[in-house]
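Trainee: Could you take me through how a metal site and its surrounding strands are read from a set of coordinates?

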Amino acid sequence: MGRKSRRGKGSFRHARAQQTPRALPRDVAAFFGAETVEGPSWDFGRPYILRRVGAAGAKKNYVCPGCNGTIFAGMAHIVAWPQEGGGRVEERRHWHTRCWERR
Ligand SMILES: [Zn+2]
């Protein structure tokens, strides 16, 4: 039985598999362009932090929780997350601007 020795190279593979959550400043409202607004009705109107993403900042497709439709890369849209969550990446939702307005 010949044993193949593997080289250690494969261990770098997982590095980009997940977005690494960044440490965010405690006061997320200090983010450029961030506003605090009333959240969606299905989240009991909790205060949300809202940020507008310009077309240039929209680099990939997202699913909008308002309509379950796609927000395509290159579309200006809204990012919002519960204020008390501290803005963790997994709490953020991308919305069509129109869907957010009728949340
Ligand atoms: Zn939508």
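Trainee: Which protein atoms are the donors of the zinc ion?

Mentor: Donors are N, O and S atoms within 2.8 Å of the metal (3.2 Å for Na, K and Ca), and since water is not among the atoms, sites may look incomplete. Here they are C64 (SG), C67 (SG), H96 (ND1) and C99 (SG), at 2.0 to 2.4 Å from the zinc ion, and their spacing along the chain is C-x2-C-x28-H-x2-C. This is a predicted model, in which local features need pLDDT of at least 70 and side-chain atom pairs pLDDT 80 or more, while totals for chains, interfaces and linings use all residues. Residues are numbered from 1 along each chain as its sequence is written, and side-chain values use heavy atoms, without hydrogens and water.

Trainee: What is the geometry of the site of the zinc ion?

Mentor: Ideal angles for four tetrahedral donors are 109.5 degrees. Four donors count as tetrahedral if all angles lie between 85 and 135 degrees, and the zinc site, with angles of 102 to 116 degrees, is tetrahedral.

Trainee: Is C64 buried or exposed?

Mentor: Buried means under 20% relative accessible area, exposed over 50%, and partly exposed in between (1.4 Å probe, protein chains only). C64 is buried because its relative accessibility is 0%, whereas C67, at 40%, is partly exposed.

Trainee: Which strands pair with β5?

Mentor: Strands are DSSP runs (E, at least two residues), numbered from the N terminus, and two of them pair if DSSP finds at least two bridges between them. Strand β2 (residues 47-53) runs antiparallel to β5 and is joined to it by six bridges, with R51 opposite V79; β6 (residues 93-95) is also antiparallel to β5, over three bridges, where W95 partners I78.

Conventions. Tetrahedral: all angles 85-135°; square planar, octahedral: opposite > 155°, others 65-115°. Helix = DSSP H or I, 4+ residues; strand = E, 2+ residues; numbered from the N terminus.
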